[in-house]
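Thank you for passing this model along for comment.

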Amino acid sequence: MLLRFKDHRDAGLAPLAGFGFAREAVAIPLCVGEFAIALRHYPIVFAIDDNASPIALVAIKRDHNLFIERDGSWRAGSYIPAYVRRYPFIGTETPDKAGQLLSIDRASGRFVGSSADQHNAERLFDEAGGPTATAQSAMTFCQAYYDDSTNTVAFGQALVAAKALTPYHVDFRLPDGSRHQVNGFLAVDEKAFRALPAETVTDWNARGWLDLVTLHLASLQSFKGLLDLNAQRANERKALA
């Protein structure tokens with residue numbers, strides 16, 4: 001929903017109560033600017049779509065984000081993707097594509113549609129109809145996210161065009177003996193990557209994309225961390241049973 005003063009003069013943003021809205025996420029979108037820090041915590045793979053959108057795996061089972069604590073907080077010490085931190089705000093492109101307008105997910109528990117002051121919420125518009133510091137900060141964040149997303153789309157499309165991706169598939173056994181699979185994603189095919197034409201390598205190097213491929217491949221080692229965290233969560237559940 002696009003935020004407009006005439007419609008939302010009394011709207012506000014309630015304090016952050018946690019990241020419970022992401023509790024059932026299996027994978028979360030990433031921008032290329034996040035690769036360097038995200039790889040320490042998550043395998044970075046690519047969605048099966050036209051843009052090969054990068055995503056961070058946060059679960060090994062459906063509807064079970066391993067990084068959300070029981071109280072809704074994000075696991076301490078783990079990087080929180082910008083896609084999650086941006087919520088409930090969304091940048092909406094202007095019709096002429098010259099800028100961004102601020103939108104919000106009205107279904108979010110943080111959105112207060114009226115009487116913001118009565119809900120201990122931070123107002124989004126001042127009395128003159130301009131953005132408050134809260135709204136301006138959100139706009140700045142969404143613009144930075146949009147800029148990074150533009151680079152991310154270009155990178156993903158280049159991977160698709162170069163036929164440098166292959167299905168990502170992992171078979172694993174949990175401590176209880178059950179076998180599981182993670183699939184439905186893509187990863188860089190190292191053989192295809194090493195065989196890229198010289199002109200493509202030169203272009204990707206200039207754009208910083210060779211570094212991104214290296215960071216992606218290194219991040220796949222983080223899958224073991226997901227298995228370890230899953231085992232930790234299982235032990236926590238047993239202790240509380």
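1. How many bridges join S1 to S8, and do they run parallel or antiparallel? In this predicted model, S1 and S8 run antiparallel and are joined by two bridges. Within this pairing, the residue that stands opposite Leu13 is Glu122 in S8.

2. The pairing of S1 with S8 belongs to an open sheet of three strands, whose order is S7-S1-S8 and whose pairing is antiparallel. Strand S7 (111-112) and S8 stand at the edges, and because each has a single partner strand, one side of each is left without a neighbour in the sheet.

3. A second pairing deserves a separate look, namely that of strand S5 (residues 89-93) with S6, which is antiparallel and extends over five bridges. Thr92 has Leu101 as its bridge partner in S6. Strand S6 (residues 100-104) has four of its five residues buried, and it is therefore largely enclosed by the rest of the structure.

4. Turning to charged contacts, the count comes to six salt bridges, and among them is the one in which the side chains of Asp10 and Arg123 meet, with an N to O distance of 3.0 Å. This pair links distant parts of the chain, since Asp10 lies in the loop between helix H1 (5-8) and strand S1 (12-13) while Arg123 lies in strand S8 (residues 122-123), 113 residues apart. Asp10 counts as partly exposed, its relative accessibility being 34%.

5. Another of the salt bridges is formed by the side chains of Asp203 and Arg207, again described by an N to O distance of 3.0 Å. Here the two partners are both in helix H6 (residues 198-207), and because they are four residues apart, Asp203 and Arg207 are separated by about one helical turn. Asp203 is partly exposed, with a relative accessible area of 32%.

6. Arg233 and Glu236 also form a salt bridge, in which the closest N and O atoms are 3.2 Å apart. These two residues are in helix H8 (residues 223-240), where a spacing of three residues means that about one helical turn separates Arg233 from Glu236.

7. On the cysteines, the structure holds zero disulfides. Cys31 is in none, and the nearest cysteine sulfur, that of Cys142, is 11 Å away.

Notes
Residues numbered from 1 in each chain as written. Predicted model: local features only at pLDDT ≥ 70, side-chain atom pairs only at ≥ 80, totals over all residues. Heavy atoms only, no water. Disulfide = S-S within 2.5 Å. Salt bridge = Lys/Arg side-chain N within 4 Å of Asp/Glu carboxyl O. Buried < 20%, exposed > 50% of the residue type's maximum accessible area, 1.4 Å probe, protein only. Pairing = 2+ DSSP bridges.
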